[in-house]
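Hello,

Here is the structure I promised to pass on to you. Please have a look at it first, and then read my notes below.

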Amino acid sequence: MAEGSPWRSLEVLGSVGSTNAVLAAAAADGAPAGTVVAAEHQEAGRGRLDRTWVSPPRAGITVSVLLRPDLPASRRSWLPLLAGVALAEAVRDVTGVRTALKWPNDLLAADGGKLAGVLAEAVPGGVVLGVGLNVSTTPDELPGGGTSLLVQGAATTDRTALLAGFLDRLADRYRRWAAALGDPIGSGLARDYLAWSGTVGSAVSVTLPDGAVVRGVAEAVDWDGRLVVSTEQGRFELAAGDVVHVRRT
């Protein structure tokens with residue numbers, strides 16, 4: 001690990017069910033903040049809403065980090081957004097592929113295909129933050145709606161360079177955000193997230209955890225990382241939901 005890096009250790013495993021599950025178990029056993037676990041193959045990766053994340057061996061990046069921010073719980077809702085910005089920056093700088101962030105946790109290619117997802121899970125005293133990125137997955141290996149850096153014409157599909165780039169940018173973002181006591185404005189995170197956002201300003205349909213659907217225009221992301229949607233019935237601040245970008249006709 002580079003000098004000054006918050007990452008204490010990096011373990012690369014062959015095949016696991018879920019890097020988040022491995023790291024959550026390690027956290028329960030007292031693993032320190034800054035522990036990083038990656039895998040060549042993840043057989044039972046999980047996304048939000050209990051969805052699966054499947055990738056062929058050595059075709060993507062599956063990595064989880066353990067963070068223990070000493071901050072109010074409301075501030076921690078920015079962690080998956082922070083990870084999304086770091087990932088978008090790394091993909092741009094390493095591969096040249098243009099991307100956008102879909103609130104709260106997806107990295108999309110310019111054509112709308114899903115390149116990556118982020119999953120933040122609370123553990124005692126901290127948060128496990130997991131990322132799954134399709135790197136060299138071929139079209140016939142991708143799920144519906146998915147894409148990969150290979151498909152998008154990336155300048156390189158070097159997973160080592162991508163992982164190093166992501167961890168560097170995540171470390172920098174996290175240090176600035178934590179130093180600002182989780183303030184998304186003072187740390188510059190809110191500004192940069194909006195610059196990458198493909199959701200804010202778009203017509204959206206958001207399915208909430210209870211099955212209700214909110215349709216309107218995404219106006220902003222508020223202080224607590226919630227999506228603000230303006231509808232005919234009023235404004236809603238949404239802490240969770242499955243967003244679909246709706247094409248205006």
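Predicted model: local features only at pLDDT ≥ 70, side-chain atom pairs only at ≥ 80, totals over all residues.

Helix α1 itself spans residues 19-28, and Thr19, Asn20, Leu23 and Ala27 are buried in it. These four lie on the same side of α1, because they cover an arc of only 95° around the axis. In an α-helix there are 3.6 residues a turn, so residues three or four places apart point the same way. Just after α1 comes Gly30, with a positive phi of about 95°.

The largest nonpolar core has 56 residues, and Leu133, Leu149, Phe166 and Leu170 touch the most other members. Helix α3 (residues 79-95) gives the most to this core, namely ten residues. There is also a second, separate core of ten residues, with Leu13, Ala31, Leu66 and Val128 among them. Beyond its neighbours within four places in sequence, Leu149 is in contact with several residues, including Val91, Thr95, Leu115, Leu133 and Leu162.

Finally, have a look at Asp222, in the loop between β11 (213-221) and β12 (227-231). Is Asp222 buried or exposed? Its relative accessibility is 15%, and buried means under 20%, so Asp222 counts as buried. The side chain of Asp222 reaches the backbone nitrogen of Asp224 at 2.9 Å. Leaving aside neighbours within four places in sequence, Asp222 is in contact with Trp78, Val228 and Glu237.

Enjoy exploring!

Best wishes

Technical notes: Residues numbered from 1 in each chain as written. Heavy atoms only, no water. Buried < 20%, exposed > 50% of the residue type's maximum accessible area, 1.4 Å probe, protein only. Helix = DSSP H or I, 4+ residues; strand = E, 2+ residues; numbered from the N terminus. Arc of directions from axis to C-beta. Polar contact = N/O pair within 3.5 Å; in protein donor to acceptor, adjacent residues only side chain to side chain. Contact = heavy atoms within 4.5 Å. Core = buried A, V, L, I, M, F, W, Y, C linked by side-chain atoms within 4.5 Å.
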